[in-house]
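Morning, everyone. Please look at the sequence and the model on the screen, and I will walk you through them.

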Amino acid sequence: MAPTEHASTAEPKALSRVALGVPVLVVDVRMDPVDAAWLSAVGLTTGVTLTVLRRAPFGGPLHVATSLGGELARGPQLCDGIFVEATS
């Protein structure tokens, strides 16, 4: 690694734990293959930047915008299997 490059020292965290309005990069999807395939089909896969727009109260879904222009709402249990890192 060149001296001017910085490696990320932060561990990936679940999308369900991301603050509102903070862009993050999907680095891993760990869940049932059927659910992972559905997420991929709607554009939520590794390499995509996401922003949590709002979080419903009482454990409700997260409303997420993707860098591909899509928006979707997914429950926090599903979002627990989507791992992200802060974008630089």
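One definition to begin: a contact means heavy atoms within 4.5 Å. This is a predicted model, so local features need pLDDT of at least 70, side-chain atom pairs count only at pLDDT 80 or more, and totals for chains, interfaces and linings use all residues. Residues are numbered from 1 along each chain as its sequence is written, and side-chain values use heavy atoms, with hydrogens and water left out.

Let's start with Ser 16. Which residues does Ser 16 touch, leaving aside its neighbours within four places in sequence? Its contacts are Arg 55, Leu 62, Pro 76, Cys 79 and Asp 80. With Asp 80, there is also a polar contact of 2.3 Å between the side chains. A polar contact is a pair of N or O atoms within 3.5 Å; within protein, one must be able to donate a hydrogen and the other to accept it, and residues adjacent in sequence count only if both atoms are side-chain atoms.

Ser 16 sits in the loop between β1 (13-14) and β2. Is Ser 16 buried or exposed? Ser 16 counts as buried because its relative accessibility is 16%. The cut-offs: buried is under 20% relative accessible area, exposed is over 50%, and partly exposed is in between, with a 1.4 Å probe and protein chains only.

Now compare another loop residue. Phe 58 lies in the loop between β3 (49-55) and β4 (62-66). Phe 58 is exposed, because its relative accessible area is 87%. Its phi is near 60 degrees, a positive value in a residue other than glycine.

Next, the whole chain. It has two helices and six strands. Along the sequence, the pattern reads β-β-α-β-β-β-α-β. Helices (H or I, at least four residues) and strands (E, at least two) are DSSP runs, numbered from the N terminus. Of the 88 residues, 30% are buried. Take contacts between residues at least 6 apart in sequence: 57% of them join residues at least 24 apart.

Last, the lining of the largest pocket. A pocket is an open set of points on a 1 Å grid over the protein atoms alone, where a 1.4 Å probe fits, with protein on both sides within 12 Å along at least five of seven lines; lining residues have an atom within 4 Å of a point. Which strand gives the most to this lining? That is β6, with three residues. Both β2 (24-29) and β6 (82-86) supply at least two residues each.
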